[in-house]
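Welcome! Work through the exercises below one at a time, and try each task before reading its solution.

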Amino acid sequence: MAARLAEKNGYNNVKVFHAGVPAWSQAGLPLISTTQFVNDRLGYLVVLDTRGEAAAKQGHVQGAVAMALDRIAKEKEQFPVDRKAYLVLYSDQTDLDKLAPVVKQISSWGYQRVFIMEGGYQGWLQANGPTQKDLVRTNIFYLPRPHPGEITGDEFMNIVNNQPPEKLILDVRTLAETSAGMLPGAVNIPVDALPGRLAELPKDKEIITHCRTGLRAEMAYNILRNAKFNARFLNDKVEILENRVFCCFK
Amino acid sequence: MDGLRSWRGLALWAGLTLLAGASPAWAAGGGMVSAGCLKCHSEYQDQANVVGGEFQSLSNQAKSIQVDVGDHNEVVKFNENTKVENVPSLKDLKKPVPVMVVFEQQGSDRVATLVKAKPVIKVPEEQQLTVQQVQELLTKSPAQGKYLLVDSRPPAHYQEGHLPGAINMPFGNMPEMMDKLPQDKSTLLVFYCGGFR
């Protein structure tokens with residue numbers, strides 16, 4: 001344990017913040033993201049430029065939404081439905097004192113991943129992060145980062161509708177669920193039976209798994225992937241009621 | 001840890017079944033224990049019946065648990081005989097938590113005999129700081145307050161979000177990073193990580 005190791009090295013004033021990051025963030029207190037984290041995830045997080053539109057026009061983090069601090073409280077409706085969405089705020093510098101109250105406010109709406117970008121816009125420039133000048137966004141748009149192996153709903157429906165011979169839709173729901181109907185052309189192997197029934201599946205086709213929520217489809221994808229099949233999965237909800245298909249929604 | 005010996009016994013058993021039958025497909029993949037786990041738990045290296053990494057998801061419908069072992073995910077089934085340690089039950093597993101899964105090969109299925117969440121280490125009360133105490137500490141700069149916050153989590157977690165002013169010293173890398181700590185041994189060091197589970 002880290003504290004013991006420090007004591008062994010002669011440190012005589014060692015404490016432990018035992019409740020750690022979850023308690024800190026639940027209290028609405030600010031956590032700092034590195035510019036590298038923001039850069040790696042760009043496109044799959046909401047970046048809020050709190051310096052306002054005029055400053056953002058001079059240059060902003062690529063894809064950032066210009067939203068001055070005093071505007072944020074009024075724009076609650078615009079924030080993503082997904083409370084686990086990644087939200088990163090920045091100002092000119094880290095500007096902790098300025099941004100911390102807003103982090104607290106956004107956290108109080110139920111958002112669990114609200115961060116302040118380390119070093120602010122100046123830090124971003126120093127780290128050579130991608131920037132834009134014009135085309136300032138003023139509306140929030142959030143896209144979750146796809147999991148490895150995830151197929152988009154559009155591509156999935158395309159395959160369902162056209163049934164290309166080199167693709168196979170694998171429904172991994174239970175027999176009780178599939179009795180209400182299956183997608184046209186799909187093959188059913190419940191995920192719990194999949195390891196024992198791999199021999200039934202083709203190696204020369206791409207297998208696309210789906211279930212009702214995406215959870216079991218991802219497990220099936222991983223079982224297939226680890227067994228060297230060519231596979232992807234649908235991380236969306238699919239409802240099939242009396243042979244009517246409702247697909248695909250998050 | 002006492003449990004290790006019996007796990008080794010299981011590993012040997014699983015190894016023998018591997019020799020007896022054809023190698024299952026999953027054995028061909030990468031390791032089943034993440035590099036992060038192996039830093040401290042090197043005994044899990046190349047174990048045929050241990051999956052170790054970050055808990056990902058659990059499906060009651062499929063009676064399966066999914067674990068991120070670094071470069072891919074592993075899926076293991078569970079049943080009513082699966083032992084659970086350090087959380088009341090499997091449904092209490094909440095991300096982020098590292099888990100270790102010991103399993104048996106039953107036909108084509110891998111069935112967990114033990115799912116062990118990373119335990120929370122006991123710290124004497126007088127050595128613990130509360131959220132309020134840390135908040136108070138942060139009203140001063142590290143230099144003014146003669147303190148240093150140290151984040152013991154893996155770099156990816158630190159990068160996503162850390163306490164203001166904290167440095168990152170992942171526990172597994174601590175020995176070679178000791179020079180990052182202040183020269184003055186009376187400096188208040190405050191360690192934190194992913195906290196209670």
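Helices (H or I, at least four residues) and strands (E, at least two) are DSSP runs, numbered from the N terminus. This is a predicted model, where local features need pLDDT of at least 70, side-chain atom pairs count only at pLDDT 80 or more, and totals for chains, interfaces and linings use all residues. Residues are numbered from 1 along each chain as its sequence is written, while chains are lettered from A and ligands numbered from 1 in the order in which they are written.

**Exercise 1. Follow α10(A) and what surrounds it.**

Step 1: Begin with its length. α10(A) has 12 residues and spans 17 Å from its first C-alpha to its last, close to the expected 16 Å (1.5 Å times one less than the number of residues).

Step 2: Check burial. A residue is buried if 20 or more other C-beta atoms, placed from the backbone, lie within 10 Å of its own, exposed if 12 or fewer, and partly exposed in between. In α10(A), 12 of the 12 residues are buried, so the helix is largely enclosed by the rest of the structure. Among them are A:Leu215, A:Arg216 and A:Tyr221.

Step 3: Look for the cover. It includes β10 (167-171), β12 (206-210) and β13 (231-234) of chain A, and from chain B β1 (50-59), β2 (64-68) and β3 (73-77).

Step 4: Look past the helix. A:Lys228, which follows α10(A), has a positive phi near 70 degrees.

**Exercise 2. Describe the side of chain A that touches chain B.**

Step 1: Count contacts, meaning residue pairs whose C-beta atoms, placed from the backbone, lie within 7 Å. Here 48 residues of chain A are in contact with 50 residues of chain B.

Step 2: Find the elements. Those supplying at least two residues each include α1 (2-8), β1 (14-17) and α10 (215-226) of chain A. The most comes from α10(A), with eight residues.

Key: Contact = placed C-beta atoms within 7 Å.
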